[in-house]
Amino acid sequence: MGIVAGLDSSSGFTRIVVCDADTGAVLRQGYAAHPVEPKAAEVDPQAWLLSLGEAAAGGLLEGVQAIGVCAQAHGLVPLDQQGGTVRPALVGNDKRAQVAAADLVDALGGRQAWAEAVGCVPQSAQPVAKLRWLARTEPEAARRVAAVLQPQDWLVWQLLGRPARRTTDRGGASGTGYWSAAAGAYRPDLVELALGHRTALPEVLGPAEAAGVTPEGLLISAGTGETMAAALGLGLGFGDAVVSLGASGSVMAVHSEALSDPQGMVTALADAAGTHLPVVHTSNAVRALRGTAEMLGAESLEELSALALKSTPGASGLVLLPYLEGERTPPLPHTAGTLSGLRRESMKPEHLARAAFEGMLCALADAMDVLRRRGVAVRRVFLLGAAAELPAVQAVAPAIFGAQVVVPEPADYTALGAARQAAWALGVAHGTLAPQAPPAWRGAAAQVFEPGEELAVGQAVRQQYGATRDQLHPGAFGP
């Protein structure tokens, strides 16, 4: 069918993959860092274009027929009447909107009201909270805002030559806090609640729709957020969940409908394939491992992993509740971590190391159960993040999650997902693909781990963990 490209404009770099449209085989790649300060809270969007141009240098895009764009989540690009930026873009690293997010929760009548309205409770990173912050701290700039875009929307608009029509996709829209994945529609009243006035919002395209075609004939697909692009790049389907092991953690799964959670633990995202990606976040994941490594004098997580494997399942009765930075799931924002079950025989480094891995994974299994209790099927778990390569994680995770665990080989899954979206839109435009399903690219190469005979052991470890959690934090997950 041809050649397509996927562009991932993350918080720190632009990565481009050029792929065969039929198979997904990577033909060539490009990379360039963004010319911005690391962890910058606001960025001139022109930096993204400069990085894009550098990544695409040397004829990288020669012969490409379609491009898909994904970009960092939770960015906000405020535009004036002429399409110029009112101020630098506010990006996901910006934590200044915490008070604004809490104000919005109260203004609409509480967490349940937000969950029912748009499937999520405002967090500081979301565009809706950034709009509230802008209205409160920079009112003159806020009054000039005539339209708002997210980073991937702005890049698509630029690639198309800044047409009158501005677009987004349902995946990106679902992370704004003012678009409902359940209703498939914006809530302009929530924009007004946040900003003080209504503003133009981009048209939401279907998964296989094109945002447009450049004068040179290059098709630009709808674009999406990084999370949704990664899901498309991994080839997720019903029964699949993804556990992301960063400093904090998250669990997302493919589901047929949007989920509403009155406690606000579930964020109801749409995906880039026409279904849904409910997500549950934890505040603590790998940070629990790093803290334990520092306590034990381990020089690396690899050393901590080797130490943990000298212990046995259950860590000789030690249980670590890894709520070191408070916790989002369960909602215990002001609590602290707890080490329970200390006995003379359990006071050994290897048992504490094992308890750290089991505690981290049990906390993520708790998050997964939030989805399971709402009817989400989980038969296969993809583990992402550098910690997924640790032998202790691979040894413990299948039994704790009660499912097959897949550890994909490192690859640019977000850029691959953007390229797959481009191939889909190109195929639909040419009449060779149906709009109901993306092209059947080869799945990610991966290691696969089965719970096997350890399943009962994993259930016992979870029972030990759950008993400790419920004793210390009764009712944390509600009645």
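Modeller: Let's start with a charge: the charged end of Arg373 sits over the ring of Phe477, 5.5 Å from its centre. Keep in mind that this is a predicted model, where local features need pLDDT of at least 70, side-chain atom pairs count only at pLDDT 80 or more, and totals for chains, interfaces and linings use all residues. Residues are numbered from 1 along each chain as its sequence is written, and side-chain values use heavy atoms, with hydrogens and water left out.

Colleague: What makes Arg373 sit "over" the ring of Phe477?

Modeller: The rule wants NZ of Lys or CZ of Arg within 6 Å of the ring centre and within 35 degrees of the ring normal. Arg373 is 5.5 Å from the centre of the Phe477 ring, and Arg15 also lies over a ring face, that of Phe13, at 4.8 Å from the ring centre.

Colleague: Why is the pair of Trp48 and Trp154 called edge-to-face?

Modeller: Rings of Phe, Tyr and Trp (its six-membered ring) pair if their centres lie within 6.5 Å; planes under 30 degrees apart are stacked, over 60 edge-to-face, the rest tilted. For Trp48 and Trp154 the centres are 5.9 Å apart and the planes at 80°, so edge-to-face it is. The two sit in distant parts of the chain, 106 residues apart: Trp48 in helix α1 and Trp154 in helix α6 (helices are DSSP runs of H or I, at least four residues, and strands of E, at least two, numbered from the N terminus).

Colleague: How do you know that Trp48 is buried rather than exposed?

Modeller: Buried means under 20% relative accessible area, exposed over 50%, partly exposed in between (1.4 Å probe, protein chains only). Trp48 has 2%, so it's buried; Trp154 counts as buried too, at 2%.
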